[in-house]
Amino acid sequence: MVVVIKKGTDEQQLYNLKEWLKSFGVDINESKGEYETVLGLIGDTSHIDTDLLSSLAIIDSVTRISEPFKAANRKFHPDDTVVDVNGIKIGGGNFQYIAGPCSVESEEQITYIASEVKKAGAMLLRGGAFKPRTSPYAFQGMRADGLRLLEEAKQQTGMPIVTEIMDISHLDLFENVDVIQVGARNMQNFELLKELGHTHKPILLKRGLAATMQELLMSAEYIMAGGNNKVILCERGIRTFETYTRNTMDISAIALLKEKTHLPVIADPSHAAGFSRLVKPLALAATAAGADGIMIEVHNDPAHALCDGPQALTPEQFKEVVDDCNAIRDILNK
Ligand code: PEP
Ligand code: MN
């Protein structure tokens, strides 16, 4: 971190500042020029609040040289992290399809979709039990009953289950859940992230609706700082000025996150697109960009789905996406 001190700052103020900075355990390299004094901070500056530092009267500017995320940073952990979900690996060259309905709606619905997506090539089953809906009048999910039905589908198919947690007070209910999803709306629910950092379950962390890549990585850092390194990042589209799509799929995030972090990065084209016919092209693009997996919403009867029907694929359509993404992967692996 480079800190430029304003011209005319008196020695005592500069001394006090340096003592305060040293209390964070950093070394200071001071260079006094004719017009300004520059402090080069060496060491771990992640505990220094740059906004607070910038606001001090004697500071001209503060520039971070190194990135504030440490545990998630590829610089300190060059090898890909492989997240193992009951023997199914994600990351480090292992690519997986996660599929299932937006919401669990009934026993017949979830067990039927589970067996169909498994046949089509999905290795993990997704399904929402606790749903974060924009309207309080919309279907809120089957909650604990939904989790129970997911567990039944898991027993029948052997597929690990992925489902969203919205409140840490529900954690006990997630005992048999294999991957806990943190939805876009909770990406910066820091208390939730901290608690999930103390669990041993893989966490699928979705990018917030208007979150930068660095904010996503800092949220992963919250989980990892608690000791849980099993974090899977998910690009699911961000909010832009565009209205033809539900969100804008940020393909560059997939390629760039893979540079910045060793964590697996998967893509959710369903929530990016908002309508089914765009899901396949976005899935192909994400695969080509280097994603470690794809998560897709699949429904047996999209027109009557209780949540996110317009973007749901039928099992047959899902199978086509799997076949085409596999073809892209074959080209990449040549
Ligand atoms: C979901 O996966 O159904 C969901 C609600 O996703 P997101 O948090 O990305 O909107
Ligand atoms: Mn959904």
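How many salt bridges does the structure hold? The structure, a predicted model, holds 22 salt bridges, a salt bridge being a side-chain nitrogen of Lys or Arg within 4 Å of a carboxyl oxygen of Asp or Glu. Local features in this model need pLDDT of at least 70 and side-chain atom pairs count only at pLDDT 80 or more, whereas totals for chains, interfaces and linings use all residues. Residues are numbered from 1 along each chain as its sequence is written, chains are lettered from A and ligands numbered from 1 in the order in which they are written, and side-chain values use heavy atoms, with hydrogens and water left out.

View 1. Lys131 sits in the loop between strand E8 (124–126) and helix H4 (143–157); helices (H or I, at least four residues) and strands (E, at least two) are DSSP runs, numbered from the N terminus. Lys131 is buried but has no salt bridge, and Glu164, the nearest side chain of opposite charge, is 4.9 Å away. Buried means under 20% relative accessible area, exposed over 50%, and partly exposed in between (1.4 Å probe, protein chains only). A polar atom of the Lys131 side chain lies 3.3 Å from the backbone oxygen of Cys102.

View 2. Ligand 1 is surrounded by 13 residues, the closest being Arg126, Ala184, Arg185, Lys206 and Arg236, where a residue counts if one of its heavy atoms lies within 4 Å of the ligand. An N or O atom in the side chain of Lys131 is 2.9 Å from an oxygen atom of ligand 1, and for the side chain of Arg185 the corresponding distance is 2.8 Å. A polar side-chain atom of Arg236 lies 2.6 Å from an oxygen atom of ligand 1. Taken alone, ligand 1 exposes 290 Å², of which the protein buries 97%; accessible areas come from the Shrake-Rupley method with a 1.4 Å probe, and for residues only the protein chains shown count as cover.

View 3. Glu152 and Arg148 meet through their side chains in a salt bridge (3.5 Å, N to O). These residues are separated by about one helical turn because Glu152 and Arg148 are four residues apart in helix H4. Glu152 is partly exposed at 23% relative accessibility, and Arg148 is partly exposed with a relative accessible area of 44%.

**View 4. The pair Arg207 and Glu235.** Arg207 forms a salt bridge with Glu235, with the closest N and O atoms 2.8 Å apart. This pair links distant parts of the chain, 28 residues apart, with Arg207 in the loop between strand E11 (203–206) and helix H6 (213–225) and Glu235 in strand E12 (residues 231–235). Both Arg207 and Glu235 are buried.

Conventions
Lys and Arg count as positive and Asp and Glu as negative; His and the chain ends are not counted. A polar contact is a pair of N or O atoms within 3.5 Å; within protein, one must be able to donate a hydrogen and the other to accept it, and residues adjacent in sequence count only if both atoms are side-chain atoms.
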